[in-house]
Amino acid sequence: MAQYTRVSGSVGLITLQSPRVNALSAAVRQGIVDMMQRALSEPEVKSVVICGQNGIFCGGADIKEFGKNMSGPPLIPMIHAIEAASKPVVAAIEGIALGGGLELALGCHYRIAHAKARVGLPEVTLGLLPAAGGSQRLPRLIGVPAALDLITTGRHVTAAEALKLGIVDQVTDHNTVNVAVKFAKRVAGQSLDPRRISTYPCPCPSDADALFEKAMQKVRRAARGAIAPVACVQAVRAAATLPYNQGMEREKELMATLFTSGQARALQYFFFAQRAVGKWSMPSGARWETSKPRPVHKAAVIGLGTMGRGITVALAQAGLSVVAVETQEKQLMEAKQAISGMLERGAKRSGVAPALDKVSYSHNIQPVADVDLVIEAVFEDMALKKKVFQQLSAVCKPGTFLCSNTSGLDIDHLACQTRNPELVVGMHFFAPAHVMKLLEVVYGPKSSPHAVATAMQLGKKIGKVSVAVGNCRGFVGNRMLKPYLEQALFLLEEGATPEFVDQVLEEFGFAMGVFRVSDLSGLDVGWRVRMADGLAQPDPTTGQPVRVRQGRRYSPLGDLLCEQGRFGQKTGRGWYQYDKPGSQVAKPDPWLHSFLDEYRTRHGLVARRIDHQEVLERCLYSLINEGFRILEDGIAAGPEDIDVIYVFGYSWPRHRGGPMFYAATVGLNKVLERLEHYHQAHPDVPSLQPCRLLRKLVAGGSPPIHKWREVIKKVHSQL
Ligand SMILES: CCCCCCCCCCCCC[C@H](O)CC(=O)SCCNC(=O)CCNC(=O)[C@H](O)C(C)(C)COP(=O)(O)OP(=O)(O)OC[C@H]1O[C@@H](n2cnc3c(N)ncnc32)[C@H](O)[C@@H]1OP(=O)(O)O
């Protein structure tokens with residue numbers, strides 16, 4: 001909807017009204033068309049201002065309308081009519097002008113922005129391009145290089161940067177609508193020809209071909225198979241090389257391809273999935289709307305290894321006071337230096353003062369007595385963590401939340417060490433903790449909804465995408481990773497090489513294949529866990545590593561590499577070889593290939609040709625199957641939680657929506673059929689056995705992903 005009022009005698013004020021971000025729904029577009037007609041037909045009205053209600057100009061096209069039958073006036077002619085209007089139209093930009101919202105503003109003759117406003121063309125993040133003239137007007141207004149940057153990255157710019165780039169004409173600290181109304185009165189009657197951006201020639205540098213070539217290479221490298229960034233470069237190229245009308249034709253053509261693509265569907269699903277995870281629920285029925293978070297002003301971090309340092313930085317950068325505790329004096333000094341360096345570099349990048357004074361350091365636990373929340377980040381060892389929790393419970397003031405940064409240990413065991421187990425939750429950060437967006441907030445059977453709400457709110461405050469998950473070995477992310485890693489090792493046993501498996505996964509869109517990631521994070525990490533679990537020891541009777549553990553197929557390949565001191569990048573050898581320890585350039589290693597040959601011979605395995613399809617299906621479908629088990633067990637509330645965890649924490653390609661969305665895209669019946677096929681071939685691998693929920697969904701006709709929660713609810717109620 002849009003509201004019309006006449007203000008200051010001669011200005012027609014059109015206010016977009018569509019909570020929460022004034023998206024350009026059919027009703028809003030109809031409102032704009034009608035109100036523009038009214039303003040143009042009223043002789044008293046000499047100029048027009050367009051603004052949005054509640055301090056938000058416009059969040060762009062209404063994404064919820066995509067994929068449905070679109071009704072109402074189309075956007076492009078609406079914006080053309082505004083640009084062609086005989087009276088000046090001023091956009092009063094408060095809050096945001098994004099996507100179609102900025103395109104609407106670019107159709108106006110003038111743009112006034114509030115100092116706190118942000119503008120941008122983020123369509124690329126939804127698998128689209130700015131297709132209401134944005135790809136043609138923006139380069140004409142600010143030049144090709146700047147437009148390429150904004151359109152291919154989708155980044156939002158501040159009002160100050162927008163002014164510098166020439167996107168807006170004026171920035172104000174005052175009431176933007178009042179300033180725009182005064183401005184509109186002043187320009188009434190002036191010629192509008194120089195203000196119609198579509199008539200501008202596109203300022204194009206002399207080396208345009210080289211510029212576009214470079215831009216194309218850059219987006220292809222970064223896009224990992226995403227098609228929208230490539231189309232964005234093509235659209236801007238059209239602006240630079242074609243007259244406006246032909247450029248618009250090209251924009252439309254490119255958009256038609258993107259609009260119906262699977263990638264656009266995946267990215268738009270993911271947009272809403274990110275918002276859905278904030279609306280968390282627990283099996284007990286506790287929910288985000290009814291669970292009040294408690295304020296956290298002061299926090300403590302216990303243990304200043306890599307994770308503890310990153311967490312301290314993340315907290316301090318968000319403005320919290322942090323007590324950073326490390327009992328080893330030398331480690332404390334090193335951590336202090338490292339944390340200060342990280343804070344200084346971060347501050348330099350964002351142009352603010354470093355939050356050095358937010359952190360106080362201590363080599364004993366006493367100063368945590370008055371904090372509101374503690375994050376324990378000591379070594380991943382249950383006995384050590386238990387001890388820390390006992391100490392914390394004795395020292396902290398009543399009501400302090402006690403959180404563990406564990407990547408998979410049982411939260412309940414830690415909660416049992418404390419006087420108030422309801423105040424204990426897991427906060428699983430991902431390394432580097434001050435950079436990675438994901439946070440798994442893990443609730444145990446005793447965690448209170450307040451504790452979950454507080455950890456979720458803290459996550460948001462420090463800029464994380466937080467997902468509430470239940471307590472189980474590995475939580476959601478690492479639990480699903482286990483069958484994926486296992487399949488990758490089995491594939492090596494059966495004839496594949498690490499570089500082939502990685503190539504297939506990287507072509508799928510992962511930033512790095514499983515073996516490269518393993519080399520990067522260190523093979524010894526998993527080895528230590530397997531040793532603690534009694535898996536990595538050789539068979540005591542023969543001294544040979546066995547390929548069966550606890551009655552299931554097991555691959556000792558990773559253990560054997562660790563026994564050779566091949567821990568990955570840090571030792572210069574792992575699944576690949578490196579020029580020197582710490583180097584990041586992975587090269588295939590002939591030693592490893594001979595090692596695999598010998599291993600196969602020793603175990604009577606005959607190498608066979610393994611194709612792309614088998615690598616993808618076995619690695620991904622076993623991971624997806626575990627995802628369905630997680631849903632069945634109630635560890636994640638819905639498929640969105642899993643997908644958000646995988647995209648933000650495990651570099652699952654966003655344009656494929658996440659593993660559960662991918663399963664829906666492939667077709668649940670196909671996933672089921674292939675799992676059955678592989679399980680028949682490998683009956684000693686339980687993770688390939690299709691789980692009950694997957695079978696149930698297929699039996700129910702494979703409902704669309706947004707209906708899965710209903711099926712899950714039914715499964716839970718039958719238990
Ligand atoms: C053969 C076929 C040929 C087809 C050719 C078809 C041509 C069609 C012509 C199309 C013309 C293209 C027009 C244009 O170029 C395309 C676009 O504009 S795409 C949209 C671009 N905009 C965005 O990407 C902005 C998305 N939103 C955000 O980034 C953020 O929401 C925000 C605006 C920065 C605000 O952030 P927050 O304050 O944190 O709030 P939330 O994110 O939680 O959002 C609040 C609430 O609003 C919902 N919402 C936000 N944006 C939109 C939107 N654009 N449409 C619909 N809904 C939106 C969000 O989901 C939240 O909802 P809630 O969870 O509370 O229900």
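Contact here means heavy atoms within 4.5 Å, and helices (H or I, at least four residues) and strands (E, at least two) are DSSP runs numbered from the N terminus. On that basis, helix α1 (residues 26-41) lies across β1, β2 (11-16), β3 (47-52) and β4 (89-93). The model is predicted: local features need pLDDT of at least 70, side-chain atom pairs count only at pLDDT 80 or more, and totals for chains, interfaces and linings use all residues. Residues are numbered from 1 along each chain as its sequence is written, and side-chain values use heavy atoms, with hydrogens and water left out.

- Six strands form an open sheet of mixed pairing in the order β1-β2-β3-β4-β6-β9, where two strands pair if DSSP finds at least two bridges between them.
- Because β1 (2-7) and β9 (170-172) each have a single partner strand, they stand at the edges, and one side of each lacks a neighbour in the sheet.
- Neighbouring strands of this sheet are turned by 20° against each other on average, direction ignored.
- Helix α1 runs at about 25° to β1; axes are lines fitted to C-alpha atoms, for helices over the stretch in contact, and angles run from 0 to 180 degrees between N-to-C directions.
- Strand β6 (residues 110-114) pairs with β9 in the parallel sense over 3 bridges, and Gln170 in β9 is the bridge partner of Ile112.

**Nonpolar cores**

- A nonpolar core is a set of buried (under 20% relative accessible area, 1.4 Å probe, protein chains only) Ala, Val, Leu, Ile, Met, Phe, Trp, Tyr and Cys residues joined through side-chain atoms within 4.5 Å.
- The largest core has 110 residues, and Val368, Val501, Trp575 and Phe628 have the most contacts inside it.
- Helix α23 (residues 612-632) contributes the largest share of this core, 9 residues.
- A second, separate core of 74 residues includes Leu106, Ala113, Ala132 and Ile167.

Definitions and conventions. Buried < 20%, exposed > 50% of the residue type's maximum accessible area, 1.4 Å probe, protein only.
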